Amino acid sequence: MEQIVVLITGCSSGIGLSLAVRLASDPAKTYKVYATMRNLAKKERLLDCVKGLHKDTLEILQMDVTDQQSILDARHRVTENRMDILVCNAGVGLMGPLEAQALDTMRQILEVNVLGTISTIQAFLPGMKARGHGRILVTGSLGGLQGLPFNEVYCASKFAVEGVCESLAVLLQHFNIHVSLVECGPVNTDFLDNLQTAKPGEAALQRVDEHTRSLYHTYLKHCGMVFQNAAQDTDDVVKIFLEAIQSASPAFRYYSSDALLPLTSPKISAPDGLQYIRTMSKIIFSTNEKEEQK
Ligand SMILES: NC(=O)c1ccc[n+]([C@@H]2O[C@H](COP(=O)([O-])OP(=O)(O)OC[C@H]3O[C@@H](n4cnc5c(N)ncnc54)[C@H](OP(=O)(O)O)[C@@H]3O)[C@@H](O)[C@H]2O)c1
C-alpha cells in the first residue's frame, strides 16, 4: 500500500519532534514523514530519537515558515509529489506587559504563528484541492480560545489561527479536505525556553507602571505553578494527533486534555464575556490579593 505522506513544521523540538518520531516509527511503515525545521543544525535531537532506523519513513528538510522560498523548496523536495497530511505546528510565544513589547518582536510572533501557518497552507492547498483529498492539522492553543493576561500578542496570533482554520474548514468540505485544530494547554517542551519574555530588571519592563509589574510577577508565579502541576508530555498530545489522523471523519477541534474544556465553557455559557474575564482574573491573581490582605 502507498505510504501516507505527512509534512510537519517545527520538528527541531517539542510536539513537532515527538509527532515526527511517532509517525516515522509506525511498525507498518504507514507514513512517510517530512520533518521540517528552520535550522538544520538542530536535527541531531530528532536523529538521536530515531537512531538512524527510519531511512524509508523519515526525511528531514529545512523549512522556515516565514520564508516563502524555503517553503516552496521544501515542497519541491517531496518526492511523492503529493501531500496527504500537512501539520502546521511551528510556533513561538511572547510574554510580558504589552507596553514592554517591541514592535519588531510582536511582528515576528505574528509572522511565525499567523502568516507562517497561512503561507504553509497556501503552498500545499492547490495540490490537495486538485486531488480532492487531504488533511490539514494545526497545533492550536488554549491561548487561541481565550485571552490570557501578559500573552496578548501570542493570544492574538492563536485567535487568528482559529479564524483561518474555521474559515478554511467551511470551504474545504467541498474538496474533501479536513481541517483540524489540536488545542493544547501547557505541554512540557522547549516552548517556555524559546518564548520571548520580559524579564525582571529589563529596561523595557522597568518603564511599565508598578501595579502592572506586580501583577506580572503574580502571573509568572501562577504560570510556573500551572506548568509544574498540569503540563502534559508531548506523548499525550501526539496521541490526540494520531486520533485525528486515524479518524475517518475527523473533528474540527481536539483538546489535548479534558481539563481544557471547563476553562473555555464560561465564554459559551455567558456570551457577554464578563464571566470569563472575572473567573480568569480570580484564578490568576487571587494569590496577589491574598498576599495584599496579609
Ligand atoms: N508547549 C506549550 O505549552 C504549548 C501550549 C499550547 C500550544 N503550543 C503550540 O505548540 C506548537 C509547538 O510548540 P512546542 O510546545 O513544541 O514548542 P517548541 O519546543 O519551542 O517548538 C516550537 C517549534 O517551532 C519552530 N519554529 C519557530 N519559528 C519557526 C519558523 N520561523 N519556521 C519554522 N519553525 C519555527 C521551532 O524551531 P527552532 O528550534 O528553530 O526555534 C521549534 O521547532 C506551537 O505552535 C505552540 O504555539 C504549545
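In the predicted model, the contact between helices α3 and α4 is formed by Gln68, Ile71, Leu72 and Arg75 on the α3 side, which meet Ser119, Thr120, Ala123 and Phe124 of α4. By class, this contact has 4 nonpolar, 3 polar and 1 charged residues. Two packed helices are described by the angle between their axes and the distance between those axes. Here α3, spanning residues 68–76, and α4, spanning residues 103–131, pack at an angle of about 35° with their axes 10 Å apart, and the crossing is right-handed.

The crossing of α1 and α2 is right-handed, and the contact is made by Leu17, Ala20, Val21 and Ala24 of α1 together with Arg45, Leu46, Cys49 and Val50 of α2. When these residues of the α1 and α2 contact are divided by class, 7 are nonpolar, none is polar and 1 is charged.

Helix α9, which comprises the 13 residues 234–246, reaches 18 Å from its first C-alpha to its last, close to the 18 Å expected at 1.5 Å a residue. Its buried residues are Thr234, Val237, Val238, Phe241, Ala244 and Ile245. An α-helix has 3.6 residues a turn, so residues three or four places apart point the same way. On the other side of α9, Asp235 and Gln246 are exposed. The buried residues of α9 pack against α1 (14–24) and against the strands β4 (85–88), β6 (134–141), β7 (177–184) and β9 (253–255).

Within helix α9, Val237 may be examined individually. This residue is classed as buried because 26 other C-beta atoms lie within 10 Å, the threshold for burial being 20 or more. Apart from residues up to four places away in sequence, Val237 touches Ile15, Val182, Cys184, Val187, Gln232 and Ser256. Phe252, which is 15 residues from Val237 along the chain, has its C-alpha atom separated from that of Val237 by 16 Å.

Leu181, found in strand β7, is likewise considered here, given that β7 is one of the elements against which the buried residues of α9 pack. With 27 other C-beta atoms within 10 Å, Leu181 is buried. Its contacts, not counting residues up to four places away in sequence, are with Val138, Gly140, Glu162, Cys165, Phe252, Arg253 and Tyr254. The C-alpha atoms of Leu181 and Asp104, which are 77 residues apart along the chain, are separated by 28 Å.

Backbone geometry was examined at two loop positions. Most residues other than glycine have a negative phi, and most peptide bonds are trans. Lys29, by contrast, has a phi near 50°, a positive value in a residue other than glycine, and is placed in the loop between α1 and β2 (31–37). With 13 other C-beta atoms within 10 Å, Lys29 is partly exposed. A positive phi is also found for Asn176, which is not a glycine and for which the value is near 60°; this residue is placed in the loop between α5 (152–172) and β7. Asn176 counts as partly exposed, having 13 C-beta neighbours inside 10 Å.

Ala28 lies in the loop between α1 and β2, the loop in which Lys29 is also placed. Ala28 is exposed, since 7 other C-beta atoms lie within 10 Å and the limit for this class is 12 or fewer. Although Ala28 and Gln3 are 25 residues apart in sequence, their C-alpha atoms are 9.6 Å apart in space. For His217, which lies in helix α8 (residues 210–230), 13 other C-beta atoms are found within 10 Å, and the residue is therefore partly exposed. His217 and Leu7, which are 210 residues apart in sequence, are 39 Å apart in space from C-alpha to C-alpha.

Key: Residues numbered from 1 in each chain as written. Predicted model: local features only at pLDDT ≥ 70, side-chain atom pairs only at ≥ 80, totals over all residues. Axes fitted to C-alpha atoms, helices over the stretch in contact; angles between N-to-C directions. Helix = DSSP H or I, 4+ residues; strand = E, 2+ residues; numbered from the N terminus. Left-handed = near helix turned anticlockwise from the far one by under 90°. Contact = placed C-beta atoms within 7 Å. Nonpolar A, V, L, I, M, F, W, Y, C, P; charged D, E, K, R; others polar. Expected span 1.5 Å × (residues − 1).
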